[in-house]
Amino acid sequence: MTENFFRRRPDSGLGNIRASASSPSRNIDWVLMLSMSVLSLIGLATIYSASRSKYPLKGTTPYGFFFVTRQELFLIGAVVAMIVVMSFDYDWWRDHARFLYGVTLMSLSLVMLVGKLSGGARLSFDIGPINLQPAEFAKFTVLLTLAAFLAEDRSDVLAYHRFIFGLLI
């Protein structure tokens, strides 16, 4: 039974089939979610085992949980971001890919002019306690724009000029 579960077809209907087609929970890959959760727990255990003896006590409280707690907060933030991204239909992301790419290019240009100078480079905007790095958003928007560009042509063969233009993105 386990073998069949891992060798299933993507359209085999293992998602929440009773949900509406626009529901974000309908097409969740539960094997991917389970493996992501297990890897996150392994990562937390690894961080704890690497940092517990380095910082055993700070006053009377154990300080070894500092890095684990910090990683847990980032993990919770990542789950919230995943839920927000999943709540949008993929057509919305495809329709807004060029706009998001343009905003990202403008913010990358703007950081060169007014970004915070640290270590001889301007890499981020200093917004109070937060350093906002446009390069982190650029990773997402470049992939999104490239996927939207390549999805426009529904043929099985990628033309040479589309390949070259995709590289330029």
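Student: Which residue in β4 does Lys-116 stand opposite?
Tutor: This is a predicted model. Strand β3 covers residues 116–118, and β4 covers residues 121–127. The two run antiparallel, joined by 3 bridges. In β4, Lys-116 faces Ser-124.

Student: What is the bridge partner of Ser-118 in β4?
Tutor: β3 and β4 form a hairpin, with 2 residues between them. Gly-119 sits in that turn and has a positive phi of about 65°. For Ser-118, the bridge partner in β4 is Ala-121.

Student: Which residue takes a positive phi in the hairpin of β4 and β5?
Tutor: Strand β5 covers residues 130–132 and runs antiparallel to β4. Here too, 3 bridges do the joining. Across them, Phe-125 has Leu-132 as its bridge partner in β5. The hairpin has 2 residues between the strands, and the one with a positive phi, near 65°, is Gly-128.

Student: Which are the edge strands of the sheet?
Tutor: The open sheet has 3 strands, with antiparallel pairing. Their order is β3-β4-β5. An edge strand pairs on one side only, and that describes β3 and β5.

Student: What angle does the direction of α5 make with that of β4?
Tutor: Start with the sheet, where the twist averages 50° from one strand to the next. Helix α5 packs on this sheet and touches β3 and β4. Its direction and that of β4 make an angle of about 95°.

Student: Is α6 roughly parallel or antiparallel to α7?
Tutor: Helix α6 spans residues 134–152, and helix α7 spans residues 160–168. Their axes come within 10 Å and cross at roughly 170°. Angles over 145 degrees count as roughly antiparallel. Therefore α6 is, relative to α7, roughly antiparallel.

Student: How many of the residues in the contact of α6 with α7 are nonpolar?
Tutor: On the α6 side, the contact is made by Leu-146, Phe-149, Leu-150 and Glu-152. On the α7 side stand Arg-162, Phe-165 and Gly-166. Of these residues, 2 are charged, 1 is polar, and the nonpolar ones number 4.

Student: What is the handedness of the crossing where α6 passes α7?
Tutor: The two axes cross at roughly 170°. As α6 passes α7, the crossing is right-handed.

Student: Where in the protein is confidence highest?
Tutor: The protein averages a pLDDT of 80, and 77% of the residues score at least 70. Confidence is lowest in helix α1, residues 2–6, at a mean of 57. The highest mean, 93, belongs to residues 97–114, helix α5.

Note on methods. Residues are numbered from 1 along each chain as its sequence is written. This is a predicted model: local features need pLDDT of at least 70, side-chain atom pairs count only at pLDDT 80 or more; totals for chains, interfaces and linings use all residues. Side-chain values use heavy atoms; hydrogens and water are left out. pLDDT is the predictor's confidence in each residue, from 0 to 100. Helices (H or I, at least four residues) and strands (E, at least two) are DSSP runs, numbered from the N terminus. Two strands pair if DSSP finds at least two bridges between them. Axes are lines fitted to C-alpha atoms, for helices over the stretch in contact, and angles run from 0 to 180 degrees between N-to-C directions. Contact means heavy atoms within 4.5 Å. Angles under 35 degrees count as roughly parallel, over 145 as roughly antiparallel, 65 to 115 as roughly perpendicular and the rest as oblique. A crossing is left-handed if the near helix is turned anticlockwise from the far one by less than a right angle, and right-handed if clockwise. Ala, Val, Leu, Ile, Met, Phe, Trp, Tyr, Cys and Pro count as nonpolar, Asp, Glu, Lys and Arg as charged, and the others, Gly among them, as polar.
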